[in-house]
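Student: I would like a close look at a single part of this model. Please keep the answer connected.

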Amino acid sequence: MKNLLPFIISFFLPGVGQFILKDFRKGGIILLSHIVSTCLILNLDFLNLLPFWFPHIITMIWAIFDIYDKIEERDGKKSATRYLAFSLLIVIILFPLTLTLLAVGLFKGAEFFTNEYLNEDRTKTEMNKISTELSLYKNHYEVYPKNYESFIRQKPIWGSWKADSWKNPYKYELIDSINYKLISAGKDGIYLNEDDIIRKN
């Protein structure tokens, strides 16, 4: 591990691997070169043709070859090659794979949290707003709208009122001219069960 870590960390912070191997002078030179060259590219107009990651690639290669030489001199070429190969495997395959799995896990976790704890509150809040607008409509026309789709088309900002936070369409029932029922199918997406959220006058 003590030989593998300098390789791995040099892919991300050139020069730090030398610190681990206690070559502070060379590590300082590489790290300082990396920082200075990156700052120059980012701040000097005549260097802006070079991509901002160019200094990192150069100093990274410099640092890795220097570490390879040090380990080869101490432990032999076979050992140095093995550790370099392992570090490439970790950085190129295992590290991105781990990040991908972590990102997927976070996304699924956020999706679960939203579905379990936020969608119901959002839907209830939205249904309260819809009920308020339906009441205003009733006050103006003395009846509730016959068609829900036509009602929400009156204002573009009401377009999101077609469906609840689970993306299930709202079900609007006009019982008579002065009574209605607005139904969300709830988390399970099935109407007419205990999971439904209902608003009525």
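Student: Which residue forms a salt bridge with Asp 66, and how far apart are the closest N and O atoms?

Tutor: The model is predicted, and the values below are computed from it. Asp 66 forms a salt bridge with Lys 70, and their closest N and O atoms are 2.6 Å apart. Both residues belong to helix α4, where a spacing of 4 residues puts them about one turn of the helix apart. Over the whole structure, a search finds 6 salt bridges.

Helix α4 covers residues 54-75, and its axis comes within 7 Å of the axis of helix α5, residues 77-141. The two axes cross at roughly 140°, and the crossing is right-handed. On the α4 side the contact consists of Ile 64, Tyr 68, Ile 71, Glu 72 and Asp 75. Their counterparts in α5 are Lys 77, Ser 79, Ala 80, Thr 81 and Leu 84. By class, the residues of this contact are 5 nonpolar, 2 polar and 3 charged.

Helix α4 also takes part in a nonpolar surface patch, to which it gives the most, with 5 residues. The patch amounts to about 890 Å² and is made by Leu 42, Leu 50, Phe 52, Trp 53, Phe 54, Ile 57, Ile 58, Ile 61 and Phe 65. Of these, Leu 42 lies in helix α3, residues 24-43.

Definitions and conventions:
Residues numbered from 1 in each chain as written. Predicted model: local features only at pLDDT ≥ 70, side-chain atom pairs only at ≥ 80, totals over all residues. Heavy atoms only, no water. Axes fitted to C-alpha atoms, helices over the stretch in contact; angles between N-to-C directions. Helix = DSSP H or I, 4+ residues; strand = E, 2+ residues; numbered from the N terminus. Left-handed = near helix turned anticlockwise from the far one by under 90°. Contact = heavy atoms within 4.5 Å. Nonpolar A, V, L, I, M, F, W, Y, C, P; charged D, E, K, R; others polar. Patch = residues over 30% accessible without salt bridge, like charges linked within 9 Å, V, L, I, M, F, W, Y side chains within 5 Å. Areas by Shrake-Rupley, 256 points an atom, 1.4 Å probe, with all protein chains shown as cover. Salt bridge = Lys/Arg side-chain N within 4 Å of Asp/Glu carboxyl O.
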